[in-house]
Structures are given as C-alpha cells and as structure tokens.
Amino acid sequence: MLSTLHHPPRRLSRFFPANNKPRHFHTKPVLSSSQPVTDQSPSSTSPPESQILSIRHSLLSREVTATQLAETYLSRLKLAEPQLKSFIHVSNNVLKEAQSIDDKIKRNENVGPLAGVLVGVKDNICTVDMPSTAGSRVLENYRPPFDATAVKKVKEFDGIVVGKTNLDEFGMGSTTESSSFQVTANPWDISRVPGGSSGGSAAAVSARQCVVSLGSDTGGSVRQPASFCGVVGLKPTYGRVSRYGLIAYASSLDVIGCFGSSVADTGILLSAISGHDRLDATSSKQVRVLQISVSQEVPDFTSQLISAALLESKPLKGLKVGVIRETLENGVDSGVKSTVLGAVSHLEELGCTLSEVSLPSFSLGLPAYYILASSESSSNLSRYDGVRYGNQAAAEDLNALYGDSRAKGFGSEVKMRILMGTYALSAGYYDAYYKRAQQVRTLIQKSFKTALDENDILISPAAPSAAYKIGEKKNDPLAMYSGDIMTVNVNLAGLPALVLPCGFVEGGPIGLPVGLQMIGAAFDEGKLLKVGHIFEQTLQGCRFVPPLIADGIPQ
C-alpha cells in the first residue's frame with residue numbers, strides 16, 4: 001500500500017532524494033465525525049471530530065447546556081490567556097447569550113446550526129457590542145455602530161461571539177508582532193510566533209479557547225497562521241463572503257476566512273457566512289457548478305463530506321492533483337519539504353493522479369503583491385486623520401492635526417507600507433511599479449487558470465518554514481515578507497485555498513506543525529473541503545493538539 005513512497009511518479013521523482021524519503025502515513029477506518037466529543041489521550045491518532053456537530057448533538061439530546069459549554073471554554077480561555085494573549089477583548093455577554101440558547105431549547109424552538117458554538121472574531125472585523133481596533137492605537141476603544149455582515153450571520157445562526165482576537169496592525173504583518181497592544185504566542189511553543197496577521201484567531205482555535213474563528217486573508221493571513229498553529233484555515237474565493245464591516249487593508253485582495261480544528265467545522269462556518277450582500281458590491285451571486293458559473297443560493301459545503309467509515313479503498317480515485325514545482329525548490333526548509341512530500345504521497349495512496357505543474361510567474365507574485373497591497377493601503381488608511389476616523393491628537397492647525405494623529409496612532413509597519421504605497425502611486429513611478437504589478441497579476445491569474453484547467457486542485461506548502469521564534473525576523477522585514485511567497489499568488493488570482501495540518505518538523509516541546517495548502521478553481525470550495533476532509537480522516541500518526549492543551553494549562 002505504501003509502495004508509492006519508495007517509487008514516486010516519474011514526473012515527481014526529482015523531489016524525492018534517496019536520502020530524504022518522505023514520512024510514512026497509514027490509513028485505517030476511523031469514527032464518524034458526527035459522534036459526540038470525547039476526551040482522547042495525547043497518544044491517540046483518531047481524526048479530528050466536528051466540534052460543531054458534537055456540540056449540536058449534545059445540546060439537542062440535553063446531555064449538556066450551552067451555558068455549561070460556554071463556562072468550559074471561558075475557563076480554558078482565561079487560563080491560557082496569560083501565556084498566549086490571543087484576545088484583545090473578551091465579551092461580557094457570552095453566558096447571557098448561552099442562556100438564551102438554553103431557553104430556546106427548553107421551549108422546543110429551533111436553534112441555528114451554530115447554536116452554542118463560541119466564535120472568535122479578528123479585531124479588524126466590526127462588532128457592534130465590542131471594540132474593533134484593527135490592532136491599532138489609532139482606533140483604540142472604537143466601537144462600530146453595526147456588525148460586519150459575517151458577524152451578523154454568525155449571530156443569526158445562534159453562534160456566540162466570544163471576543164476579538166489579536167492581529168498585526170491593520171493586518172500588516174506575518175507574525176502578530178506588529179499589534180499595537182500585545183504579542184500573541186504559539187500554543188505549540190510559546191516562545192514562537194503564531195503567524196499573522198490572523199495569529200490571534202489561529203492560536204485561539206489551536207488552544208481550544210473557542211470552537212472556530214474568523215480571520216481575514218489579504219496575502220496569506222489565514223493560511224500561514226493555520227500552518228504555524230496546526231489548525232485548518234480556509235481562504236474563500238474573492239467575493240464568496242461579504243467584506244462589509246471588514247476594516248480595509250487592500251480592498252482588491254482582502255477576504256474574510258475561517259479557522260477550525262477540523263475541515264468539517266471550517267466548512268460549516270463558511271456555509272454560515274457566505275452569500276451575496278447588497279452592502280458589498282464585490283460580493284458575488286455566482287457559485288461554480290460543473291465548470292459553469294451560475295447564480296444560485298450558497299451550497300451546503302459539508303453535504304459532500306464523507307464519514308471515514310464509508311470511505312472506499314481509493315476514495316479520491318481519478319482526482320488530478322498538480323504539485324507546484326516552484327514551491328518545493330530553494331528556500332523551503334528541508335523538514336517542511338519532506339513533510340509535504342509525505343502528504344503528497346498520501347494523496348496518491350488515496351487514488352489521486354499526481355503531476356508536476358510549473359507556474360513561471362510564481363516568483364513574481366511576492367513583489368507584485370507588496371506593491372499592490374501597499375498602494376491600496378496608502379489610499380484606504382488616508383481616512384484615519386483624526387477628523388473622519390481615528391483618535392485625534394491636540395494640534396494648532398489642520399495639517400499638524402493630521403500629522404500628529406497619524407504619527408501617534410500608526411505603528412512603524414503601517415507607516416512603512418503607507419510610504420511604500422504612496423511612492424508606488426506617485427506620478428513619476430506609477431507606470432514603473434503599480435501598472436507593472438497589475439500586469440504581473442494578470443499573468444498570475446492566467447497561469448493558475450491554465451494549471452487548474454488541467455488539474456482539479458494544486459498543492460504546495462503553506463509556508464516555507466514552521467513557526468519561528470518571537471523577535472527572530474521582526475527587524476528584517478524582507479525576510480519576513482519572503483515568508484508569504486507560498487500564499488500571495490492565490491490572493492492575486494482571487495482563488496480559494498484550504499490549509500490543513502499534514503505533519504510535524506522538529507522544534508518546540510513536541511515538534512511544530514506543518515500545513516499543506518490545497519488551491520482550487522474559483523468558487524470550488526466544496527471540492528477543497530471534500531478532499532481535505534478525506535485527507536485528515538485517513539492521516540494517521542499525527543494528533544494536532546498542542547502541548548498547552550494536551551498536558552493541561554498550568555494555573
């Protein structure tokens with residue numbers, strides 16, 4: 001069954017040096033994801049269960065109350081916070097909202113699919129009853145008068161927003177170190193970064209401080225922290241989820257994404273927040289069905305997820321998978337490469353047909369992304385002038401008010417990107433930088449289309465390394481930016497991508513997780529979730545529960 005590990009396909013053989021064989025994985029029948037949550041020993045290799053489905057089963061069978069569940073999560077959140085610092089603000093209404101759900105169940109009323117589910121929300125997504133700071137002093141204590149559409153939908157489905165998670169200021173960063181309030185730690189090793197900019201959302205799910213969480217992804221800000229923290233992260237197609245209420249960084253790239261401890265939970269959350277929104281002109285009515293874009297309601301992304309007990313011996317037979325050559329060459333840590341190749345071989349065991357795919361414009365994506373993102377941010381952040389938005393500094397004239405408010409409100413990373421973007425948009429450099437970057441973006445879109453016309457999904461690492469030490473790259477922005485090489489192209493093309501943990505490399509107390517990135521065609525999230533669900537259920541020998549939880553959180 002594992003012979004493919006020793007004899008990889010000819011077209012991929014150059015990635016398998018004789019002295020660096022990929023890790024072996026084994027498949028076997030596992031429990032249905034719809035079974036109730038049970039505590040497992042740290043040595044267990046059972047696949048991740050759907051916590052959302054388990055919570056629903058427990059509530060409707062009256063085994064537990066929403067209040068009891070909320071108290072459990074809040075207790076874990078408070079115990080972990082001194083070490084992790086995942087949250088900027090924790091809601092005071094959690095138990096009140098949980099009691100409201102319990103009252104509905106007692107009255108035999110219908111409850112939504114997210115009933116009793118605690119949801120963390122990245123602090124650049126607006127919430128009416130909590131501060132929304134985007135991790136910046138310029139918006140400190142700002143309370144929006146409305147909920148973002150994604151948050152509104154979570155509440156409509158009876159989800160409970162537990163609090164606002166930490167992030168790099170305005171989403172500008174890859175470590176969560178540029179937050180103006182605190183530095184979040186990685187639950188696998190608190191001396192390491194959780195990734196960014198949605199590091200707080202990823203760490204909170206990894207440490208089971210909440211069930212699922214919302215993040216935002218401009219150039220990999222959901223997928224890279226998902227890889228670093230050993231959780232599932234999904235970046236939807238641009239337009240799948242309304243951006244209304246998402247504090248803008250780069251409007252043509254920003255999307256709201258999902259974190260969960262399993263693919264099923266991530267798919268359920270995506271189903272809840274997706275759909276056209278009249279308040280967002282970029283939200284789409286289109287979904288992809290048999291290669292044709294049609295206008296219809298949002299599909300149930302979990303309807304095609306198959307229980308492991310029902311899987312055939314080759315459940316992914318006929319699926320064409322392209323491994324992106326440029327993502328497994330120089331610049332990728334050997335441990336990450338070996339782990340990802342082991343995952344690739346596992347996909348072949350499941351029946352996939354593998355081939356090597358080259359995207360010649362792939363390396364151009366990183367400089368193009370930073371020109372475009374910085375240019376858009378310089379425009380979007382001009383509103384924070386102390387008059388229209390943002391905290392106001394005392395000044396004697398208008399220009400001084402603008403300058404002082406921004407100088408005191410913005411951090412160094414934000415200032416640097418504003419300057420970069422303003423320079424790229426200036427009269428003498430617009431054609432040389434911004435226009436050229438847009439042309440590169442078109443090349444990237446075309447290369448992805450060609451590759452996805454020939455393959456069902458594309459595969460790459462989610463990041464070139466596992467989580468690195470806090471402070472290790474803070475003073476070397478170019479090294480930090482290069483860590484986004486695996487993810488930025490997907491945003492430039494507007495495509496969906498799923499990251500799920502596939503193994504470990506050395507580091508930390510028990511090892512550091514590595515994420516596998518699966519990229520699909522536009523509005524093809526259902527296929528990514530189906531493949532990811534089968535992959536995680538059949539992946540044995542790995543349990544992605546950080547030591548902070550497995551060993552118990554110290555008081």
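Modeller: Let us begin with Lys122, which has a relative accessible area of 0%. This is a predicted model, in which local features need pLDDT of at least 70 and side-chain atom pairs count only at pLDDT 80 or more, while totals for chains, interfaces and linings use all residues. Residues are numbered from 1 along each chain as its sequence is written, and side-chain values use heavy atoms, leaving out hydrogens and water.

Colleague: Why is Lys122 called buried?

Modeller: Buried means under 20% relative accessible area, exposed over 50%, and partly exposed in between, with a 1.4 Å probe and protein chains only. Lys122 has 0%, so the word buried applies.

Colleague: Is Ser221 buried or exposed?

Modeller: Ser221 has 6% relative accessibility, and therefore Ser221 counts as buried too.

Colleague: What joins the side chains of Lys122 and Ser197?

Modeller: They are joined by a polar contact of 2.7 Å. The term requires a pair of N or O atoms within 3.5 Å, where, within protein, one must be able to donate a hydrogen and the other to accept it, and residues adjacent in sequence count only if both atoms are side-chain atoms. The side chains of Ser221 and Ser197 also form a polar contact, of 3.1 Å.

Colleague: Which residues does UniProt list for "active site"?

Modeller: The unreviewed UniProt entry lists Lys122, Ser197 and Ser221; such positions follow the numbering used here, with shortened feature names, and annotations may be inferred rather than shown by experiment. Although spread over 100 residues of sequence, they cluster in space, with a largest C-alpha distance of 11.0 Å.
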